[in-house]
Amino acid sequence: MTENNFWLKKIEISVSEAEKRTGRNAMNMQETYTAYLIETRSVEHTDGQSVLTDSLWRRYSEFELLRNYLLVYYPHIVVPPLPEKRAEFVWHKLSADNMDPDFVERRRIGLENFLLRVASHPILCRDKIFYLFLTQEGNWKETVNETGFQLKADSRLKALNATFRVKNPDKRFTELKHYSDELQSVISHLLRVRARVADRLYGVYKVHGNYGRVFSEWSAIEKEMGDGLQSAGHHMDVYASSIDDILEDEEHYADQLKEYLFYAEALRAVCRKHELMQYDLEMAAQDLASKKQQCEELATGTVRTFSLKGMTTKLFGQETPEQREARIKVLEEQISEGEQQLKSKNLEGREFVKNAWADIERFKEQKNHDLKEALISYAVMQISMCKKGIQVWTNAKECFSKM
Amino acid sequence: MSGGPPKGLPSTGPHSLLDMPHPLAGSSSEEAVGGDSTPSPDLLMARSFGDKDLILPNGGTPAGTSSPASSSSLLNRLQLDDDIDGETRDLFVTVDDPKKHVCTMETYITYRITTKSTRVEFDLPEYSVRRRYQDFDWLRNKLEESQPTHLIPPLPEKFVVKGVVDRFSEEFVETRRKALDKFLKRITDHPVLSFNEHFNVFLTAKDLNAYKKQGMALLTRVGESVKHVTGGYKLRSRPLEFAAVGDYLDTFALKLGTIDRIAQRIIKEEIEYLVELREYGPVYSTWSALEGELTEPLEGVSACIGNCSTALEELTDDMTEDFLPVLREYILYSDSMKSVLKKRDQVQAEYEAKLEAVALRKEDRPKVPADVERCQDRMECFNADLKADMERWQNNKRQDFRQLLVGMADKNIQYYEKCLMAWESIIPLLQEKQEAK
C-alpha cells in the first residue's frame with residue numbers, strides 16, 4: 001500500500017505480542033531484550049472487515065528513536081510519551097525487573113497506546129518516518145538517522161540558558177510551564193503514595209488467610225462448632241487471595257496516571273521551545289539594535305557606545321574617511337540582513353505560538369476526558385472491591401451463625 | 001394492675017412482681033416498684049419463692065425501672081439465655097455508670113452495680129451500690145475459696161501489660177465495664193454461685209470494706225480448702241468426661257492465642273493502611289487545585305477516600321475494643337477451668353490414696369472408715385459440680401464465640417458498606433458533563 005492511500009483507509013494498529021530475544025549489541029556483547037510485534041490492519045469500508053497489511057517486530061529503543069525524531073521535527077506538538085523505561089513506583093509484590101512478564105505485558109499495552117495516540121493525532125499521523133516505522137522493518141533506523149534530526153536538536157544547555165535569560169515570553173507559556181511542573185510533582189506524589197497504599201492493603205488481606213488455617217485447626221477439636229468454623233475459614237482464604245486480582249487491576253489505573261505524568265514533560269518541552277525561540281528573537285533584536293546604533297555613531301562621529309574599534313582608533317589614531325565609509329557599508333548590509341532575519345524570526349515565532357497553542361488546547365481536552373475516564377474506572381474498581389468484601393464477609397457470617 | 005391494700009409477704013401464692021409491695025412502700029403497687037416505669041411488653045418477669053413452681057404472669061408488664069440503662073440490659077440478659085428452655089430469671093445484675101474518684105492517696109474508678117431480684121435471699125427487690133475493681137477481685141477470690149468445686153468466671157486482667165494504655169481512657173474503662181458486667185452475669189446465671197453469700201453481700205452491702213474485714217466466718221458446703229496432695233500420688237484413671245478435657249483445653253488455649261495474634265496483626269496492618277490513606281486522599285485535593293474542569297471530580301475522589309479512612313478507623317476501634325478483650329477473657333477462662341480440673345484430680349488422688357492406705361491396713365476391713373467415706377463424698381460432689389459447670393461452660397463458649405465472630409463479620413460488612421456508599425455516590429459526579437466555561 002502506498003503512503004498516500006495508507007491514511008485514506010481506516011487503520012487499526014496493535015502491538016500484539018512480546019518476545020524475548022538475544023542478540024549482539026553495538027559493543028558485540030550478548031544481550032537479552034524484548035521485541036514487540038506491531039500489526040497494522042486496514043479496515044475495508046464496504047464490509048468492515050480488517051485485512052492485515054503490515055506486521056513487523058520492533059524493540060523499545062526503536063520506539064525511543066521514533067519519538068526523539070518526532071520531538072525534533074514537531075516541536076510545537078505535545079508529543080505522546082512512551083511507557084516508562086524502567087519500572088518505577090513499585091510496591092513490594094511488583095517486580096522492578098524489566099524482564100518480568102507482568103512488566104512486559106504492561107509495557108506492550110503502553111507501546112500500543114503510544115502508537116494509537118500518534119496515529120490519531122491530526123498532524124503526527126501524516127509523518128513519513130512514522131509510516132515507515134509501521135511498514136518498513138529493515139533499514140528503518142538508517143532512514144531515520146539520515147534525516148539528520150540529531151543535528152537539528154536543540155542542545156540542552158542552549159535551552160537552559162534561554163529559560164533563564166528570556167525577557168518576554170508569552171505569558172500563557174509561562175503559566176503552562178508552571179502548571180506542567182506542578183502536575184508532574186503532584187502525580188509523582190500520588191503514584192508513590194498509591195504504591196504504599198497497595199502494599200498495606202495487600203498485607204491486610206493476606207493476614208486474614210491465617211484465620212483460614214487456625215479455624216481449620218480449631219474446628220478439629222470442636223464438636224458442634226466445628227463445621228461452621230471450618231467453612232468460615234474457607235471464606236477467609238477466598239478473601240485473602242482476592243487481593244491479587246484487585247491490585248493487578250489497579251496497576252492499570254496507575255499506568256493511566258503515569259502516561260499523564262510523562263505528558264507533563266512533553267508539555268514542558270513545547271514551552272522550552274517557545275522560550276528558546278523567543279530568546280533567539282530577543283537576541284537578534286538586540287543585536288540589530290546595537291548594530292544600528294554603531295552605524296549611527298560612525299555616521300555622526302559621536303561615540304556613545306564602547307567598541308574595540310573605537311578604542312584602537314583612540315590609541316592608534318583616527319581612521320581614514322574611506323575606512324569609515326567601508327565600515328558603514330558593511331554595517332548597513334548587516335542591518336538589512338538582520339532586519340530580514342528578525343522579520344522571519346518574528347513570523348516563525350508567531351506561527352509557532354499559534355500552532356502550539358492549538359495543539360495545547362487539543363491536548364487539554366484530551367487530558368480532561370482521559371483523566372475523568374480513569375477516575376471513573378478507579379471508582380468502579382473500588383466499588384467492585386467493596387462488593388466482593390461484603391460478599392465474603394456475609395458468607396463467613398452465615399457460617400459463624402451456624403456454629 | 002390495680003392498686004389495692006398492701007398484701008402480705010410473698011408466700012401466699014402466685015403474684016406478679018407488680019403486686020408485691022415494697023416493704024417500705026405506701027398503698028399503690030405502682031409506687032412499690034418505683035416511679036418512672038419504662039414498660040417493654042416483651043419482657044416477662046417471674047418471681048421465685050424458693051422451691052415453689054415458677055408461674056409466669058399472663059401478659060405481665062414488667063416492673064418499672066428507675067434507671068435508664070435497665071431495659072436494654074434486661075433484653076441483653078434474655079438474649080444470653082435464649083437456649084435455656086424453661087428457665088426464667090429472677091435475678092438481674094448490671095454494671096454501668098463508671099465514675100472517676102480522685103482522693104489524696106489514689107485515683108480510681110467505681111462502677112454502679114444494679115441488682116433486681118425477687119429472691120428471698122434479698123431483703124429488697126432492688127439494690128444499687130458502687131464497686132471498684134478491687135472489690136471484684138475480692139469477690140472472685142472469695143468465690144474460689146468457698147466454692148472450690150465450681151468454675152469461677154474470669155475477671156479482666158488487673159494490669160494492662162501491653163502498650164501505653166491510659167487506665168482512665170474512655171475506651172479502656174468501657175472495655176473493662178463490659179468485662180465486669182459479663183463476669184457478674186455469668187455468676188448470676190450459675191444455679192449455685194448466684195446463691196453464694198459473698199455474692200449477695202457484694203451486690204447489696206453499703207459498706208463492703210467493713211464486711212471484708214470480718215473475715216471468713218461463713219461456712220459453706222465444702223468448708224475446708226482442698227489440701228494439696230504432696231508425694232505425687234498418681235491417679236489410676238480419670239472419669240471419662242474429665243479425661244479428654246485437659247488436652248482439649250490445652251489445644252483450645254493455643255488456638256485462641258493464635259487467633260489473638262492474628263487479630264492483633266490485622267489491626268496493626270489496618271492502622272498502617274489507614275496512615276497511608278490519610279496521606280493519599282489529600283493529594284487528590286492538591287491536584288484539584290491545579291485543574292479547571294477536573295477540579296470537582298478530583299475533589300470528590302479526595303472526599304471519598306476521606307470517608308473510607310473514617311470507616312476504617314471505626315472498624316479498627318471496634319475490633320480493639322470488642323473483639324480482642326473477649327478473646328483474652330476466654331484464654332483466662334480456660335486457664336481457670338484447668339486449675340479447677342487440677343483441684344478435682346487432687347481430690348480424687350487424695351481419696352484413692354486413702355483407699356489404698358485402708359486396703360493395706362487389714363484390721364479395718366470390711367468396714368470403710370468414716371474419713372474415707374467423706375473423701376469419696378467430696379470427690380463425687382466435686383465431679384458432679386464440675387461436670388455441670390463444664391457443660392455450662394461449653395454451651396456458653398459456643399454462644400459467646402458465635403456472637404463474637406458474627407460480630408466481627410458484621411463490623412467488616414458495615415465497613416465495606418460505608419465505603420461502597422461513598423464510591424457509588426461520586427460516580428454521578430465524575431460522569432457529569434461540565435458546562436462550557
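The secondary structure of chain B consists of 10 helices and 3 strands. The model is a predicted one. From the N terminus on, the elements of chain B run α-α-β-β-β-α-α-α-α-α-α-α-α. Chain B has 437 residues, and buried residues make up 46% of them. Its accessible surface comes to about 22,900 Å². Carbon and sulfur atoms hold 54% of that area. Among contacts in chain B with a separation of 6 or more, 73% link residues 24 or more positions apart.

The strands of chain B pair through β2(B). Strand β1 (residues 91–102) of chain B is antiparallel to β2(B), with 10 bridges between them. Within this pairing, B:T94 stands opposite B:T114. Strand β2 of chain B spans residues 107–117. Because 9 of its 11 residues are buried, β2(B) is largely enclosed by the rest of the structure. In a regular strand, side chains alternate between the two faces of the sheet.

One arginine of chain B was examined in detail. B:R176 lies in helix α4 (residues 170–189) of chain B. Its relative accessibility is 12%. The cut-off for burial is under 20%, so B:R176 counts as buried. Neighbours within four places in sequence were set aside for the contact list. The remaining contacts of B:R176 are B:Y111, B:Y133, B:P156, B:E157 and B:K158.

Chain A comprises 11 helices and 3 strands. Read along the sequence, its pattern is α-β-β-β-α-α-α-α-α-α-α-α-α-α. Chain A has 403 residues, of which 46% count as buried. The radius of gyration of chain A is 32 Å. A compact globule of 403 residues would have a value near 22 Å. Along the principal axes, the C-alpha atoms of chain A fill a box of roughly 120 × 50 × 45 Å. Chain A exposes about 21,200 Å², and carbon and sulfur atoms supply 51% of this area. For contacts in chain A between residues at least 6 apart in sequence, 74% join residues at least 24 apart. The chain carries 58 positive and 63 negative side chains. The centres of these two sets lie 5 Å apart.

In chain A, strand pairing again involves β2. Strand β1 (residues 10–24) of chain A runs antiparallel to β2(A) and is joined to it by 14 bridges. A:T22 has A:T32 as its bridge partner in β2(A). The hairpin of β1(A) and β2(A) has 5 residues between the strands. In this hairpin, A:N28 takes a positive phi near 55°. On pairing with strand β3 (residues 50–59) of chain A, β2(A) forms 9 bridges, also in the antiparallel sense. The partner of A:A35 in β3(A) is A:R59. Strand β2 of chain A covers residues 30–43. Of its 14 residues, 10 are buried, so β2(A) is largely enclosed by the rest of the structure.

Conventions
Residues are numbered from 1 along each chain as its sequence is written. Chains are lettered from A and ligands numbered from 1 in the order in which they are written. This is a predicted model: local features need pLDDT of at least 70, side-chain atom pairs count only at pLDDT 80 or more; totals for chains, interfaces and linings use all residues. Side-chain values use heavy atoms; hydrogens and water are left out. Helices (H or I, at least four residues) and strands (E, at least two) are DSSP runs, numbered from the N terminus. The radius of gyration is taken over C-alpha atoms; the globule rule is 2.2 Å times the number of residues to the power 0.38. Buried means under 20% relative accessible area, exposed over 50%, partly exposed in between (1.4 Å probe, protein chains only). Contact means heavy atoms within 4.5 Å. Accessible areas come from the Shrake-Rupley method with a 1.4 Å probe; for residues, only the protein chains shown count as cover. Lys and Arg count as positive and Asp and Glu as negative; His and the chain ends are not counted. The place of a charge is taken as NZ of Lys, CZ of Arg, CG of Asp or CD of Glu. Two strands pair if DSSP finds at least two bridges between them.
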